[in-house]
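Please read them beside the coordinates.

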Amino acid sequence: GIKCGGVLSAPSGNFSSPNFPGLYPYETECTWLIVVAEGSSVLLSFSHFELEYHTTCAYDYLQVYNGAARDRGNLLGTFCGHSPPPPFSSAWHVMAVVFRSDRHVAKRGFSATYRKDACGGQLTGLSGEITSPRYPESYPNDAECRWSIGAPDGGAPLTLVFMDFQVEGGQGCGFDYVAVFDGPTAAAPRLGRYCGSALPPRTVSSTPHLLLLFKSDFNIGGRGFKAHFYSAGECQEVFTAIKGNFSSPRYPNFYPNNLKCQWSIQLPPGYRVRIFFLDMDLEGRSSLTGGCDYDHVAAFDSGAENGSLLGQWCGQESPAPVTSPSNRVLLVLHTDRNTARRGFSIAYVGVVPMNVSCTRTDFHIQIPVQSLAQLERNRIYLGTPSCAAQVVGRNFKIHTRFDTCGAESQKRNNTSVIISTLYIDFSAGDQEDIHQYEVQCEPKRKEASVTLIAGSDPSRLSQAENLVDAQQREGEAMDTREIKSQDTSDIVFISICILAGLLMVIAVVGLVLL
């Protein structure tokens with residue numbers, strides 16, 4: 001019977017828990033929906049806060065949502081006890097506040113104020129977008145906007161990337177400008193001051209906070225700017241190790257809404273990247289278009305979004321492993337304003353560049369030394385450690401006969417093949433890390449292939465890939481003379497055939513003479 005909650009549509013206002021400053025009633029749930037003019041954001045702050053305390057806020061609590069939907073991906077925080085929530089700035093023009101009390105222990109509750117803000121504010125998400133007022137139209141004169149980026153409880157460093165920039169120029173940027181500070185206030189070290197039409201460089205903070213300050217004078221404007229920010233660690237990482245894994249923010253809990261996260265895999269030249277999707281639970285496909293129009297993860301070759309698209313996935317799909325044509329891959333997660341899910345878990349392994357060929361009796365394996373420069377030759381072996389690679393010029397080489405090095409004959413698809421396993425040992429200290437490749441030869445056709453069996457965790461990376469491609473064929477063309485000179489079995493076979501032919505001719509001639 002207590003009246004509380006409602007829609008707040010004025011440019012500014014205040015609201016409080018029922019009976020404030022008296023004790024709030026038991027078993028009450030109230031929802032306030034704050035809606036300001038589109039294109040603005042909502043600034044929310046609390047002047048008093050006193051709720052029943054619990055370590056996980058399981059009894060009485062207040063929740064703040066970045067939007068209208070009570071979706072876990074929109075949740076900015078859940079609060080209880082005596083510590084007031086920090087100031088919040090919404091990502092768009094809608095914010096929701098929910099208050100709930102149980103049947104025991106009442107307190108004085110809370111009092112909050114809000115206002116419409118045309119620019120600036122406190123941005124606390126893992127990623128987000130910042131634009132100048134009225135962007136992409138000309139920004140107003142005499143504007144001053146401050147965006148303080150970073151969660152109040154700290155976190156990882158931040159990366160700021162400008163996507164578009166056009167601000168009035170001038171000597172020393174004395175008229176209109178954008179300034180970036182390495183901290184939450186303008187007292188922090190300044191990382192840069194920019195104007196004109198050149199894109200400012202990518203900026204990485206040394207702290208979990210950044211301040212973006214925009215000022216315009218009394219005349220001459222411009223289109224303004226658009227920038228993205230990312231929280232390093234959960235929402236932006238660069239991987240250079242031969243293997244690794246990562247997951248969406250907060251996995252296996254629900255990821256936040258309104259994200260754009262990037263993971264870049266950069267391996268040495270010659271390598272390719274093999275990506276395994278261990279788990280995926282994103283918002284599903286559009287019922288209208290059948291496409292991944294809402295939340296989705298996409299992979300791009302060459303490490304940039306303008307590279308070729310390797311795939312785009314959503315829902316609860318189980319994508320097949322993906323291999324990049326190059327040594328760089330960029331994975332990007334986009335989430336929209338509602339319907340969050342658990343997210344994804346991904347592992348990757350670098351595919352070592354190698355050339356594998358065979359004759360009717362031998363395997364020939366060649367790996368550039370620069371690809372495995374940190375390894376001794378005895379860490380690269382075929383079948384058994386006694387069949388280790390030799391260093392010949394700029395390559396690790398293994399040349400063995402089929403009757404050695406643990407090779408065995410098998411029937412596959414009614415074809416006789418010779419199988420062995422190539423081991424590349426990246427282990428360091430107590431951490432075992434052995435990559436395995438199955439090497440196969442069809443002697444009759446003298447055709448070889450190599451298959452990635454496992455990276456460092458065979459139980460998880462057990463899906464294989466045939467790695468014979470243009471790169472290997474190019475390598476085979478380079479080594480044709482060497483392999484021909486080593487193919488003694490063919491030479492012997494041809495010699496026997498010629499000798500048998502000569503003997504037959506002699507025998508026929510002898511019979512005619514008799």
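1. Terms first. Two strands count as paired if DSSP finds at least two bridges between them. Helices (H or I, at least four residues) and strands (E, at least two) are DSSP runs, numbered from the N terminus. On that basis, S12 and strand S17 (residues 210–215) are an antiparallel pair with six bridges. Within this pair, serine 148 lies opposite leucine 211 of S17.

2. Basis of the notes. This is a predicted model, in which local features need pLDDT of at least 70 and side-chain atom pairs count only at pLDDT 80 or more, while totals for chains, interfaces and linings use all residues. Residues are numbered from 1 along each chain as its sequence is written, and side-chain values use heavy atoms, with hydrogens and water left out.

3. Overall content. The protein chain contains three helices and 36 strands. It has 514 residues, of which 50% count as buried, meaning under 20% relative accessible area with a 1.4 Å probe, protein chains only.

4. Surface and contacts. Taking contacts (heavy atoms within 4.5 Å) between residues at least 6 apart in sequence, 73% join residues at least 24 apart.

5. The sheet with S2. An open sheet is built from four strands in the order S2-S9-S4-S7, with antiparallel pairing. Strand S2 (12–16) and strand S7 (88–89) are at the edges and have a single partner strand each, so one side of each lacks a neighbour in the sheet. Inside the order, strand S4 (residues 41–50) and strand S9 (residues 109–117) run antiparallel and are joined by nine bridges. Leucine 44 has tyrosine 114 in S9 as its bridge partner.

6. The other partner of S12. Strand S10 (residues 121–123) runs parallel to strand S12 (residues 144–149), and three bridges join them. One of the bridge partners is isoleucine 149 in S12, which faces leucine 123.

7. The sheet with S20. Four strands in the order S20-S27-S22-S25 form an open sheet, again with antiparallel pairing. Its edges are strand S20 (243–247) and strand S25 (322–323); each has a single partner strand, so one side of each is left without a neighbour in the sheet. Strand S22 (residues 272–281) pairs with strand S27 (residues 343–351) in the antiparallel sense over nine bridges, and aspartate 279 stands opposite serine 345 in S27.
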